[in-house]
Amino acid sequence: MAESEGNVTIPEFSCLLQMDPQLKVYEKDFRRRYELLQKKLFQLEEAEGGFDQFTRSYKTFGVHRQPDNSLVFKEWAPAAEALFLTGDFNGWDKFSHRYTKKEFGKWELILPPKHDKSPAVDHNTKLKVVVHTKEGERLYRISPWAKYVTREEKSVIYDWVHWDPPHPYIQIHPRPKKPTSLRTYEAHVGIASPEAKVASYTNFKTNVLPRIKDLGYNCIQLMAIMEHAYYASFGYQITSFFAASSRYGTPDELKQLIDVAHSMGIVVLLDVVHSHASMNTEDGLNQFDGSDSCFFHSPPRGEHSLWGSRLFNYSSWEVMRFLLSNLRWWMEEYRFDGFRFDGVTSMLYHHHGIGSGFSGDYSEYFGLQVDEDSLVYLMLANHILHTLYPDCITVAEDVSGMPALCRGVEEGGLGFDYRLAMAIPDKWIQILKELKDEDWSIGDIVYTLTNRRYGEKCIAYAESHDQALVGDKTLAFWLMDKEMYTNMSTMTPMTAVVDRGMQLHKMIRLLTHSLGGEGYLNFIGNEFGHPEWLDFPREGNNQSYHYARRQFNLVDTDNLRYCQLYAFDRDMNRTEDKYGWLAAPPAFVSAKHEEDKVIVFDRAHVLFIFNFHPSKSFQDYRVAVEVPGKYKIKLDSDEALYGGHGRLDHNTEFFSEAQPFNGRSNSMQVYIPCRTAIVLANEEIDYCY
């Protein structure tokens, strides 16, 4: 391996430059990053026998039962003076079971089996690590590798519970193939029921999975699974990285949920938080060994000023072991199909994105402000995941627009499959907040939806989970506000507010779905225009669960309009499944007419027409098409089934004429009612996807 900088060649760097020649100036940076990655891989080979072995460290750290039923406990606590194990098994004796000190800050304890040959610690009993510091303090800690932690009702602190069931759940369904068109349903298990309580894994499996399948989503992104002591953190302040949250049920119940999703052909992604960790000490990672570093940088570098959380030291060998093994654990033990990496912007830059506008100037993505330790960690994570699991899907939550984020590591990229198109939901909210319908800038909307790096896949979404939270509003709420409480009945004529809200809700979603990316995402409940915000129980609301739920009962009530929005979302996904526009190259936009408020584009040989005009319908409106032939309506937001006005006849056949128009070889004339979106497909093409 070449040691000196500049000698390392990035195998497919020329592919990246072909796509974006402007990156040539930063070749040195790409080489240095790639060299750092190669160095890490080389060191892993030398010191650990390769990354496969290294990332299975969850098999040796924490607690493990040996074939003879003896138990081996292992921890990394470099600053500790001594470690003891206590728990139900020894009557909470703090000194009887001492760990032996090993090299590199490791500690080990072996417990022989009981006289009856059963393990010394019973399944479902409590344990604690007692850490003696050099300053003479005695601290009570949970193992960072704990697989199950629970909290008693009256208690504030979580307990480490030994999880070793006699008959663990065995998953039987194979992972589905990686979808070519990613249609993601982002969900939170705890809020996934109409009842005012924490909903369970079993409820999700029984009641929510069939809805997701029916809606035509082929991917579920699960939030708030990694254990977090504070429920209202929305799952982003992690306390136990290897524990699936016990507030929804047992590890086996989560395994069953994923297994059933796989049986339906749905892949499941974990919202993984490796960008920071909770400040909690007694039931978190913070100060595990009594020092202010251990897994983290010492303050101030090791603290996030806005999030009030700890920041990992990605250059540390043992932190790398912990985090990479964590990814492997979720893939192996629970059979997740990939990850949405949270807080990537915070990881990539020393400034964590705080106070940085990101103008798109390339100098912002290279140089001293970039945290290369965490950048190389992400490259390493993607390289390992995609090598071991070729169908693994990784998604980056990055607002900065880092070039090559979603190009392969062998090109010098970071190796993600997708990035979230975070500018899109912001744009929709800005428009609805600030502009009257007649003032919408069609060109601005199209620009936001199409402004993405060529060759790097984006997941488009019309609204984010943060917008659903109290203090903000969902699209449905921005559009219809308090009328959602009184005027959603199908038994009464639609008011002007509800009419506008219903039509725009559908149009915004379809436009985002078809023009905005190579994947689509929807947050649980928003597909049917969920009427209320999300507010987790906390001091400020008297620990109420009233808003920490999703009212699926509204969809099941036939005389309410929510089922009409649901039906549109379902048919939009099913239409995409048939024609595959998400897997196709970006759309060709042939019209963005400011005065008419019309957008026309084709993608995957499918024609999309949007008329956002609040009152003007257009007869015989000429639209451009590339492929000649007979076209028919395949999806129509104005259909009565979707709460529309039923102004279009679906039996109509549209024939193209050899009349070039707006950059396309052919064109045809159509009728487009106001506030309507139509999808037309060519009847003479065989759409095989």
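**View 1. The positions given as "active site" in the UniProt record.** In its unreviewed entry, UniProt places the feature "active site" at Asp342 and Glu397; such annotations may be inferred rather than shown by experiment. The model is predicted: local features need pLDDT of at least 70, side-chain atom pairs count only at pLDDT 80 or more, and totals for chains, interfaces and linings use all residues. Residues are numbered from 1 along each chain as its sequence is written, and side-chain values use heavy atoms, with hydrogens and water left out.

View 2. Aspartate 342 lies in the loop between strand E17 (338-341) and helix H7 (344-348); helices (H or I, at least four residues) and strands (E, at least two) are DSSP runs numbered from the N terminus. Aspartate 342 is buried, with a relative accessible area of 7% (buried means under 20%, exposed over 50%, partly exposed in between; 1.4 Å probe, protein chains only). Beyond neighbours within four places in sequence, its contacts (heavy atoms within 4.5 Å) include Tyr236, Asp271, His276 and Glu397.

**View 3. Surroundings of glutamate 397.** The loop between strand E18 (393-396) and strand E19 (418-420) holds glutamate 397, which is buried at 16% relative accessibility. Its side chain reaches the backbone nitrogen of glycine 343 at 2.7 Å. With neighbours within four places in sequence left aside, glutamate 397 is in contact with residues including Arg340, Phe341, Asp342 and Leu420.

Key. A polar contact is a pair of N or O atoms within 3.5 Å; within protein, one must be able to donate a hydrogen and the other to accept it, and residues adjacent in sequence count only if both atoms are side-chain atoms.
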